[in-house]
Amino acid sequence: MTQQAEATRRIPLNRDRVLTAAVVLADEAGIESLSMRRLAQELGVVPMALYKHVANKEELLDGMVDVVVAEIDPPVSGAGWKNAVRLRVLSARRTLLRHPWARQVLESRTTRTPAVLGYMDSFIGMFLAGGFSVDLTHHVMHALGSRMWGFTQELFDDSANAAPPDLAPEMQAAMLQEMAKRYPNILQVAMAAEHDDGSVVAQGCDDQFEFEFALDLLLDGFERFHQQGWTSEQAKLER
């Protein structure tokens, strides 16, 4: 046994150490590789030792989400609600990009831990502190949805339809011609988009740009409704 492994074994096991090790393991090997047995091996303990700190796999995953949420920057004081919200969302996005497995786990949670509730509470607080009514804030949160966590469900997955990178140019040209016949509007928009290597077949859109574009549209809309004194009751009467 190496000196590093021996030193690891001597470190007292606690909940924070278990959760941190689980996050590192998921980062390195993927969430599918995470099991209580594998985690115990990484920590140099028997699996039963873990259950003194987490009751089961679900509690472990809840705790891992809490670790990730704690990495999101707090609201920037004095930044104004719009800038504060934007910065917080982009911090959440950077955090989830550091932990690619976190989105899947976050979406799978059926209960909200105190850390998750605390994040949501402070997020709502940015709008209320900016003078938003409770009514408008309620609908704003629905509109943001998963974007408050730094991700969104895209309508199309470009990677699913991407051509193999080694596809011959003549084959790419043939694919474009066929698309032009069948789906001219899709191709027109796709050709207008800026891609990394100029190939609409092989590459997708700039995910970060698209995310920020949609976020800014939402924030501008929230600002306009706020300035207009929008209420859901009046909006329903006008329909």
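The second largest pocket of this predicted model has a volume of about 430 Å³. A pocket here is an open set of points on a 1 Å grid over the protein atoms alone, where a 1.4 Å probe fits, with protein on both sides within 12 Å along at least five of seven lines; lining residues have an atom within 4 Å of a point. The volume is the space filled by probe spheres set on the points. There are 22 lining residues, and Arg112, Val116, Met120, Met148 and Trp149 are the closest to the pocket centre. Helices H5 (57-70), H7 (102-108), H8 (114-129) and H9 (134-144) each give two or more residues to the lining; helices are DSSP runs of H or I with at least four residues, numbered from the N terminus. The lining divides into eleven nonpolar, seven polar and four charged residues. Ala, Val, Leu, Ile, Met, Phe, Trp, Tyr, Cys and Pro count as nonpolar, Asp, Glu, Lys and Arg as charged, and the others as polar.

Residues are numbered from 1 along each chain. Local features need pLDDT of at least 70 and side-chain atom pairs 80 or more, while totals for chains, interfaces and linings use all residues, and side-chain values use heavy atoms without hydrogens or water.

Two of the pocket helices, H5 and H8, also pack against each other at about 35°, with axes 8 Å apart. Axes are lines fitted to C-alpha atoms over the stretch in contact, and angles run from 0 to 180 degrees between N-to-C directions. The crossing of H5 and H8 is left-handed, that is, the near helix is turned anticlockwise from the far one by less than a right angle (clockwise would be right-handed). Val65, Asp66 and Val69 of H5 meet Ala115, Val116 and Tyr119 of H8, where contact means heavy atoms within 4.5 Å. This contact has five nonpolar residues, no polar and one charged.

Elsewhere, H6 (residues 81-98) and H12 (residues 207-228) have axes that come within 11 Å and cross at roughly 155°. The two are therefore roughly antiparallel, the term for angles over 145 degrees. Their crossing is right-handed. Among the residues that meet are Trp81, Arg86 and Leu97 in H6, and Asp207, Phe211 and His226 in H12. The contact holds nine nonpolar, two polar and eight charged residues.

H10 (residues 169-182) and H11 (residues 184-192) pack at about 125°, with axes 6 Å apart. Leu176, Met179, Ala180, Lys181 and Arg182 in H10 meet Pro184, Ile186 and Leu187 in H11, giving six nonpolar, no polar and two charged residues.

How values were computed. Angles under 35 degrees count as roughly parallel, over 145 as roughly antiparallel, 65 to 115 as roughly perpendicular and the rest as oblique.
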